[in-house]
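Work through the exercises below with the model open. Try each task before reading its solution.

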Amino acid sequence: MIPRARATGRALGYQIFYRLPVPLRRRLVRLAVPKYIVGAVTLVRDSEAGGAGRILLLRQPPGHSWTLPAGLLQRGEAPVVGAARELHEESGIKLAPERLRPAVPNAVVHAKGWVDVVFETEVPASSTELAVDGAEVFEAAWHPLDELPRLSRATANLLRYYGIGPRADEVPPAAPPAA
């Protein structure tokens, strides 16, 4: 139970806060609340693959490991729009945002201060042309789920939430308890 004097002070604080103009309230919240970097990730499966299936992976600089199509959201950009944009920029696959569906879990909060909003889709690999720029992405290729190449640490950590990859058998970290 909250002591009465503390509850009264808290109530007074909220009364003052909610009387402030909205732009000032937003600025105060941004100053007081920890900030996260938000990225959009797309897990693209080959709709024609049999067996365990195949996913699209990218080899990016420095080129030692493979990653998923992903990138940071632009200010004010909807996560699904950012995911479709990054997928096109990095692999050449152009899909309408409506073709992407939220993965489960849709958002993965990482301890280092970033959040990945994850979407998934399927495309036929045999008729999907992959195009990379050679600078941001060296190579885009389909990989069988049961024979994945060396993944970046971040990609291996993220894929475990979906039961994929070398860390698939590990239990993802539990969400912190609600305050």
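Arg-160 is buried, at 12% relative accessibility; buried means under 20% relative accessible area, exposed over 50%, and partly exposed in between, with a 1.4 Å probe and protein chains only. The model is predicted: local features need pLDDT of at least 70, side-chain atom pairs count only at pLDDT 80 or more, and totals for chains, interfaces and linings use all residues. Residues are numbered from 1 along each chain as its sequence is written, and side-chain values use heavy atoms, with hydrogens and water left out.

**Exercise 1.** Find the residue with which Arg-160 forms a salt bridge.

Solution.
- Apply the cut-off: a side-chain nitrogen of Lys or Arg within 4 Å of a carboxyl oxygen of Asp or Glu.
- The partner is Glu-170, with the closest N and O atoms 3.6 Å apart.
- Arg-160 lies in the segment after helix H4 (153–159), and so does Glu-170, so the pair ties together parts 10 residues apart in sequence. Helices are DSSP runs of H or I with at least four residues, strands are E runs of at least two, and both are numbered from the N terminus.
- Check Glu-170: it is partly exposed, at 35% relative accessibility.
- Glu-170 also forms a salt bridge with Arg-167, at 2.5 Å between the closest N and O atoms.
- Arg-167 is partly exposed, with a relative accessible area of 23%.

**Exercise 2.** Work out what surrounds Asp-116.

Solution.
- Locate Asp-116: strand S6 (residues 114–123).
- Look for a salt bridge. Asp-116 is buried yet has none; the nearest side chain of opposite charge is Arg-160, 10 Å away. Here Lys and Arg count as positive, Asp and Glu as negative, and His and the chain ends are not counted.
- Look for a polar contact, a pair of N or O atoms within 3.5 Å; within protein, one must be able to donate a hydrogen and the other to accept it, and residues adjacent in sequence count only if both atoms are side-chain atoms. The side chains of Asp-116 and His-110 make one, at 2.8 Å.
- List contacts, meaning heavy atoms within 4.5 Å. Beyond four places in sequence, Asp-116 touches residues including Gly-39, Val-41 and Leu-158.

**Exercise 3.** Which residue pairs with Arg-101 in a salt bridge?

Solution.
- The partner is Glu-122, with the closest N and O atoms 2.4 Å apart.
- Arg-101 lies in strand S5 and Glu-122 in strand S6, so the pair ties together parts 21 residues apart in sequence.
- Arg-101 is partly exposed at 35% relative accessibility, and Glu-122 is partly exposed at 29%.
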